[in-house]
Amino acid sequence: MAKIRDEVAYKAAMERIEELLPLVDDNTPLTDKNLIELDLLSGLVEEYEDEHYPIKAPSLVEVIKLRMYEMGINQAKLSELLGVSPSRVSDYLTGRSEPTLKVARDMSRKLNIDANIVLGV
């Protein structure tokens with residue numbers, strides 16, 4: 001099957017996808033030529049993006065900071081929530097130390113962070 005080989009072809013495919021999107025919806029028959037073309041182009045674009053624009057997993061520090069923002073808490077509140085000292089939270093947020101297994105479990109549960117991220121898997 002064909003493959004998108006460069007940025008010019010990628011941009012052309014993206015432009016065509018933008019043209020096709022208004023022409024299809026959930027009720028479009030599977031035999032519609034626009035839907036078929038959109039499906040094929042989307043697959044090619046996805047393959048190109050996976051290779052050239054990979055999305056890396058977020059770091060634990062990034063996720064903790066995001067959760068703190070979402071929950072509207074500061075480092076002091078986070079230390080209370082996790083039952084550790086504020087200086088220990090600071091160490092986690094700067095990457096100077098990693099949480100113990102107990103603290104990692106609490107982070108996962110109380111901050112709703114995927115255990116794989118907390119454990120660095």
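Let me begin with Leu82, which, leaving aside its neighbours within four places in sequence, is in contact (heavy atoms within 4.5 Å) with Val103, Asp106 and Met107. Leu82 sits in helix H4; helices here are DSSP runs of H or I with at least four residues, numbered from the N terminus. Leu82 counts as buried, because its relative accessibility is 3% and the cut-off for buried is under 20% relative accessible area, with exposed over 50% and partly exposed in between, using a 1.4 Å probe and protein chains only. Between the C-alpha atoms of Leu82 and Pro22, which are 60 residues apart along the chain, there are 48 Å.

A word on the model. This is a predicted model, in which local features need pLDDT of at least 70, side-chain atom pairs count only at pLDDT 80 or more, and totals for chains, interfaces and linings use all residues. Residues are numbered from 1 along each chain as its sequence is written, and side-chain values use heavy atoms, with hydrogens and water left out. The pLDDT, the predictor's confidence in each residue from 0 to 100, averages 92 over the protein chain, and 98% of the residues score at least 70.

In H6, the buried residues are Val103, Ala104, Asp106, Met107 and Ser108. They pack against H3, H4, H5 and H7. Just after H6, Asn112 has a positive phi of about 55°.

Next, the cores. A nonpolar core is a set of buried Ala, Val, Leu, Ile, Met, Phe, Trp, Tyr and Cys residues joined through side-chain atoms within 4.5 Å. The largest one has 16 residues, and Ile64, Leu78 and Met107 have the most contacts inside it. At least two residues of this core come from each of helix H3 (60-71), helix H4 (75-82), helix H5 (86-94) and helix H6 (101-110). The biggest contribution is that of H3, with four residues.

Rings of Phe, Tyr and Trp (its six-membered ring) pair if their centres lie within 6.5 Å; planes under 30 degrees apart count as stacked, over 60 as edge-to-face and the rest as tilted. How many aromatic pairs does this rule give? The count is three. Tyr10 and Tyr48 form a stacked pair, 4.9 Å centre to centre with 25° between the planes. That pair links distant parts of the chain, with Tyr10 in helix H1 (residues 7-20) and Tyr48 in helix H2 (residues 33-52), 38 residues apart. Both Tyr10 and Tyr48 are buried. The pair of Tyr48 and Tyr53 is edge-to-face, because the ring centres are 6.4 Å apart and the planes are at 65°. Tyr48 has a relative accessible area of 5%, whereas Tyr53 is partly exposed at 40%. Tyr10, Tyr48 and Tyr53 form one aromatic cluster.

Last, H3, H6 and H7 each supply at least two residues of the lining of the largest pocket.
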